[in-house]
Amino acid sequence: MHNLCRTLNRLRLHTCDRSLAFNRVLTASKSTTTSTTQRQPAAESNVPKEKIIIPTRIERSPTDILMALSATVGYDPTAPHYKYHDDPYLIPTSNANKKTFALAQEAGRKAAHWIRQENAKLFQHQEADPPIQAFVPTMLYTEESQVETTDLQKLIDSVEVKDAILVYNLLKKNGIEVSDELKQQMLELLCFYNHEDTLPEQFIEERWFRQGTVGRERQRKTWKDFELAEEIFHGLGEKRSEHYCAMIRGMARYFQVEKAWALYQETVEKGIELDTNTFNSLLHIASFLKESYDKRWDLVCEVLTAMKQQGLRPNLGTLNGILQTITTIGGYNHPRTYALKTLAEFKKLGIEPSLASWYYMLVIFCRERGPVSHVLHDIMNEVEGKAFNIQDPKDTFFFVTAMDVCRNHLHDKELAKRVNQLLHHGDNYNLIGDSYKESIYYRHYFTLLATTEPLESFLETYHLLVPNVYIPEPSVMEDILKSVEMNTAIEHVPLLWSHMVQFDHTGRENLVNLLLHIMVSNQPVADEPRHADLVQRFANIGWDLYSRMEERAAAPRATSSGLSGPMLGDILLLCARANDYEKAMGIFTKLSKDQNSVIGEARVDGLGEFINLCISNRTPSMAIQCLQYCSENGYPESAELGRHIFSSFALDQNQVAKIKSLVGAEAVKPIN
């Protein structure tokens with residue numbers, strides 16, 4: 001206690017000294033400024049004062065400060081994502097666990113939103129001043145609510161589609177007139193969101209993990225026919241251009257292509273002009289309107305001609321709409337010709353392609369059964385070193401498609417590295433898309449490097465990205481194991497097994513068989529330093545695998561029947577090589593007792609090594625049991641094994657008789 005008081009007094013004195021020193025500096029500064037001012041000549045007193053210009057306020061996002069701080073630290077791929085706990089015991093290490101962890105956190109946030117909304121009366125206190133709208137419970141509307149047009153305007157501005165529909169119907173029911181401008185806003189809201197509420201922006205994890213499944217859904221009509229949007233449109237007295245534009249774009253967006261085209265034909269007959277984005281939406285659905293390839297191109301030309309007649313200038317959406325239609329045209333020569341002509345024309349107009357444009361070019365030129373095209377080299381020469389912002393929803397398809405081309409179409413690892421460098425340039429990683437696209441991208445990248453790079457060079461990339469950025473799928477792990485086998489780099493097997501455990505790959509029979517094959521076929525050399533303790537570590541891996549498979553087979557509602565005979569034989573061989581008699585005997589006991597339920601037979605190499613282990617441990621009864629297993633299963637090597645047992649032990653008459661009954665009298669004859 002005395003020491004604590006003395007320390008506090010020192011701190012207090014130190015603080016007083018610093019305060020006095022600061023006051024002295026401040027006083028000296030003031031006196032210096034005063035004396036300087038007094039010494040100024042009279043001529044300088046007439047010098048005009050410098051005008052202070054207050055800069056215009058810059059609008060900042062909520063995360064700009066965090067991004068600025070992050071930029072000072074740099075990106076560390078070996079660190080876990082910030083959304084996971086920075087604790088080795090809590091960081092998820094498998095794809096399933098990552099998804100569960102992130103969505104569980106988001107579910108907690110959604111539950112908090114629900115509680116706040118359901119108990120809005122309990123949250124009337126003011127969190128901040130001025131109030132933050134996100135903290136305020138949203139207004140609840142029912143059929144008995146008293147509403148005004150201002151309520152509808154607020155709901156449209158906040159993109160609350162369901163409530164906006166309810167309020168609009170209440171206004172109509174109560175006879176309150178809605179202005180034409182507000183009707184147009186309501187129509188645009190309904191057409192864009194198809195009468196459904198969108199997922200709030202704050203739930204980024206659900207967007208990240210769900211968007212991939214949404215993108216893989218088959219394109220089909222999801223437009224809600226005969227709903228409020230069509231009711232508002234048909235109820236308009238005088239339909240203007242913006243009304244038709246909203247309806248056509250909404251129907252095209254949700255693949256109600258027949259009605260969208262019919263409305264377009266109606267505008268042509270009435271002489272109503274449309275905007276550029278509406279024509280772009282028609283270009284995107286051209287493949288649904290026409291079946292034959294030549295008619296699709298004719299339709300594209302027809303739409304472009306109509307745009308020219310209305311004096312509209314094409315934009316990036318026009319370019320991408322044309323290229324998307326070209327991707328649906330079969331053959332090799334015509335699509336390429338159309339695509340190159342389109343790019344040339346838009347280059348004359350000064351319209352720069354986006355990543356979506358280059359994605360369409362890859363789809364057109366690099367077809368699965370078509371000739372090999374090196375168009376990606378030209379694209380990379382055009383985009384390399386540039387930073388991109390999203391301009392088209394399909395921009396997020398470029399990187400995953402480019403890496404697919406590098407792996408499956410060109411088999412070019414150097415080009416793949418250029419694509420990966422572009423992805424990590426600036427903020428381009430924001431265009432990776434979603435969790436599904438990110439996983440596919442790295443799957444292609446890792447598979448290509450594993451099959452083309454030297455193993456040590458590949459493992460540098462592997463350790464950099466695994467497991468915090470990417471977790472290899474079973475197919476990628478299989479390629480990595482094959483590369484290890486091809487390079488005889490068995491010293492990496494223990495690490496890869498530990499990763500297989502972390503990534504929940506231990507139930508993959510093809511991976512387990514391949515791992516056992518590598519360990520059995522490549523016996524460690526005791527004299528090599530890099531193979532030190534590998535024999536024992538291989539035995540531990542085999543036993544760990546055996547324990548896990550047995551635990552999985554014994555679990556309720558188990559779908560696995562356990563290890564097969566060949567797998568048990570390989571594990572038996574690994575344990576015997578490590579002179580681990582107890583584990584080897586446990587494996588053989590399982591193999592012998594359950595031989596009617598175990599699928600397949602153990603390899604004779606493991607059984608022979610187990611007999612040698614029994615000889616070194618002086619257990620003839622166990623060796624004879626192994627011989628009995630070999631004899632009952634018809635191994636051709638049974639007689640040789642019996643002779644080996646007879647010559648290695650001092651057997652009694654019963655044991656000799658047992659060997660005779662199993663493999664015949666020839667096995668117990670003394671060797672001259």
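This is a predicted model: local features need pLDDT of at least 70, side-chain atom pairs count only at pLDDT 80 or more; totals for chains, interfaces and linings use all residues.

## Exercise 1: A threonine in a helix

Task. Determine whether T318 is buried or exposed, and list the residues that T318 touches.

Solution. 
- Step 1. Locate the residue: T318 belongs to helix α14 (residues 316-327).
- Step 2. Its relative accessible area is 0%. Buried means under 20%, so T318 is buried.
- Step 3. Not counting residues up to four places away in sequence, T318 touches T276, N280, L283, L304, M307 and F346.

## Exercise 2: Salt bridges

Task. Give the number of salt bridges in the structure, then examine the pairs R109 and E106, D225 and K259, and E550 and K590.

Solution. Side chains of opposite charge can pair when their charged atoms come close.
- Step 1. The structure holds 25 salt bridges.
- Step 2. In the salt bridge of R109 with E106, the closest N and O atoms are 3.0 Å apart. Both residues lie in helix α3 (residues 95-118), and because they are three residues apart, about one helical turn separates them. R109 is partly exposed at 38% relative accessibility, whereas E106, at 1%, is buried.
- Step 3. D225 and K259 form a salt bridge with an N to O distance of 3.2 Å. This pair links distant parts of the chain, 34 residues apart: D225 is in the loop between α7 (204-215) and α8 (228-235), and K259 is in helix α10 (residues 257-270). D225 has a relative accessibility of 22% and counts as partly exposed; K259, with 25%, is also partly exposed.
- Step 4. For E550 and K590 the N to O distance is 3.4 Å. E550 is partly exposed at 23% relative accessibility. K590 has 19%, and since buried means under 20%, K590 counts as buried.
- Step 5. Through salt bridges that share partners, K221, D225, E230 and K259 are joined into one network.

## Exercise 3: A nonpolar surface patch

Task. Which residues form a nonpolar patch with about 440 Å² of accessible area together?

Solution. 
- Step 1. The patch on the surface is formed by W114, I115, L122 and F123.
- Step 2. One of these residues, W114, is placed in helix α3.
- Step 3. The relative accessibility of W114 is 54%. Exposed means over 50%, so W114 counts as exposed.

## Exercise 4: Confidence of the model

Task. Report the average pLDDT of the protein chain and the residues over which pLDDT stays under 50.

Solution. 
- Step 1. The average pLDDT of the protein chain is 88, and 91% of the residues score at least 70.
- Step 2. Over residues 1-44, pLDDT stays under 50.
- Step 3. For residues 1-44 the model has zero contacts beyond four places in sequence.

Terms used. Residues are numbered from 1 along each chain as its sequence is written. Side-chain values use heavy atoms; hydrogens and water are left out. A salt bridge is a side-chain nitrogen of Lys or Arg within 4 Å of a carboxyl oxygen of Asp or Glu. Helices (H or I, at least four residues) and strands (E, at least two) are DSSP runs, numbered from the N terminus. Buried means under 20% relative accessible area, exposed over 50%, partly exposed in between (1.4 Å probe, protein chains only). Patches are made of residues with over 30% relative accessible area and no salt bridge: like charges are joined within 9 Å, nonpolar side chains (Val, Leu, Ile, Met, Phe, Trp, Tyr) within 5 Å. Accessible areas come from the Shrake-Rupley method with a 1.4 Å probe; for residues, only the protein chains shown count as cover. pLDDT is the predictor's confidence in each residue, from 0 to 100. Contact means heavy atoms within 4.5 Å.
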